[in-house]
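Subject: Handing over the structure

Dear colleague,

Here is the structure that I promised to pass on to you. Please open it beside this message and follow the residue numbers as you read.

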Amino acid sequence: MTRSARLAGIGSFLPSCLVPNAQLAARMDTSDEWIRTRTGIRQRYFAEPGTTTSDLAAEAGARAMKSAGLAEVDAVVLATTTPDRPCPATAPVVAAKLGLAGRPAFDVQAVCTGFVYALATACGLLAMGCVDTVLVIGAETFSTILNPADRATSVIFGDGAGAMVLRSGQAAGNGAVGNGAVGPFDLGSDGTGQDLITVRAGGAEQRRSGSAPAPGDEYFSMAGREVFRQAVEHMAQSARAVLGQVGWQAGDIDWLACHQANLRILVRLADVLGIPEARVLANIAEVGNTSAASIPLAIDQAYRAGRFKAGDRLLLSAFGGGLTWGSTVLTWPDLTHP
Ligand code: COA
């Protein structure tokens, strides 16, 4: 028997400021129709002034701990691209807000793949016996890095947070045995593509250049069309790799729970993998692309809508800046604290 990770609880949180497409169309050269047909998005939520990523993360984390029936956890891993500050990490702040000061807490930065990387990291901590419970959170306030002059990115991203509590269990073989089991994982990166999804200013590269940042470089930028192509390619390849590791076929998957980047990407990916569209979790219409928060947010909303039964097989896959990509599988547990 080997130590494995099991899902014990889940939660999510959205800020209160609802932004429908029409509100963006009123202040930039775009339209509700363009946004809906090119991305599938109808609305997103932005954090109100004064609310930071750690606030959203702490709310989602508290809900996940409540769902797990736990008042405390042994460690906090936070995936985010919009930390409260460049230094220090935001996870210790989240831990303190949750009354968990003293526990290990750190950030994982893999942009939209962040939650899958954070899950893998948490599974590693559990497998090594470092801890018995981990709170894994994906949280973003992307609204703070969107360029108001860039319609191609401003219409896509939203703020939010999602979290899972993992606890150690016993598993035979590859760990994907039994309800609640998380893993194995397929992870990858290609830094030659760093310019495709980036914030150019504010890091050592720009500061060492001796020049002031060019206008707009403090904001997020993305080469949308190329990212679209690579997202489908890498997520399909990674999803197939993890299915191969666990010995499942596409037909064994009950739910495709992917990063919500664009509805067209989700549909294309499902088609390439041979998974019927009815099995695709999609909440992008309501929340937009929430980067590292998107997978746990989509799964939590589907769970609370009663869409899962114990034993359902979920395939998680994400692609994002770095470039990074990753996939894993999750067998839905019997959660006793809905
Ligand atoms: N409103 C209206 N027109 C817009 C627009 C907007 N919000 N944004 C871009 N356009 C225009 C472009 O200027 C371009 O006009 P042109 O043909 O006159 O030059 C046209 O629409 C097509 O632009 P393009 O970028 O090729 O559109 P697209 O169909 O690829 O859709 C994205 C753009 C960003 C929605 C799409 O590429 C995408 O979703 N990419 C992947 C995002 C992703 O996966 N991210 C994952 C990591 S976060």
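Two residues are said to be in contact when they have heavy atoms within 4.5 Å of each other. Domain bounds, which also come up below, are taken from an automatic or database domain assignment. Before going further, please keep in mind that this is a predicted model, in which local features need pLDDT of at least 70 and side-chain atom pairs count only at pLDDT 80 or more, whereas totals for chains, interfaces and linings use all residues. Residues are numbered from 1 along each chain as its sequence is written, and side-chain values use heavy atoms, with hydrogens and water left out.

**The two domains**

The domain assignment divides the protein into domain 1 (3–170) and domain 2 (181–331). Taken over C-alpha atoms, the centres of domain 1 and domain 2 are separated by 14 Å, and 52 residues of domain 1 are in contact with 46 residues of domain 2.

**The nonpolar cores**

A nonpolar core is a set of buried Ala, Val, Leu, Ile, Met, Phe, Trp, Tyr and Cys residues joined through side-chain atoms within 4.5 Å. Buried here means under 20% relative accessible area, exposed means over 50%, and partly exposed lies in between, with a 1.4 Å probe and protein chains only. The helices and strands named in this message are DSSP runs numbered from the N terminus, helices being H or I with at least four residues and strands being E with at least two.

The largest nonpolar core has 46 residues, and those with the most contacts inside it are L256, L273 and L315. At least two residues of this core are supplied by each of α8 (224–246), β11 (255–258), α9 (263–273), β12 (313–320) and β13 (324–331), and α8 gives the most, with 10 residues. This core draws at least three residues from each of domain 1 and domain 2. If you select L273 and leave aside its neighbours within four places in sequence, you will find L273 in contact with A236, A239, R240, A250, L256 and L315. There is also a second, separate core of 37 residues, which includes M164, W255, A318 and L335.

**Backbone details**

Most residues other than glycine have a negative phi, and most peptide bonds are trans. With that in mind, please look at the peptide bond from G183 to P184, which is cis with omega near 5°; P184 lies in strand β8 (residues 181–189). Another cis peptide bond joins G322 and L323, with omega about -10°, and L323 is placed in the loop between β12 and β13.

V111 has a positive phi, near 50°, and sits in the loop between β5 (105–108) and α5 (114–127). S291 also has a positive phi, near 50°, and is found in the loop between α10 (284–287) and α11 (294–304).

T90, in the loop between β4 (75–79) and α4 (91–97), counts as buried because its relative accessibility is 1%. Leaving aside neighbours within four places in sequence, T90 is in contact with S54, L78, P83, D84, R85 and D107.

**The largest pocket**

On a 1 Å grid over the protein atoms alone, a pocket is an open set of points where a 1.4 Å probe fits, with protein on both sides within 12 Å along at least five of seven lines, and its lining residues have an atom within 4 Å of a point. Grid points are joined across faces, edges and corners, and a volume is the space filled by probe spheres set on the points.

The largest pocket has a volume of about 920 Å³. Of the 35 residues that line the largest pocket, the closest to its centre are T81, P83, Q109, V199 and A201, and the elements that give two or more residues to this lining are β5, β9 (197–199) and α7 (204–208). The lining of the largest pocket draws at least three residues from each of domain 1 and domain 2.

With best wishes
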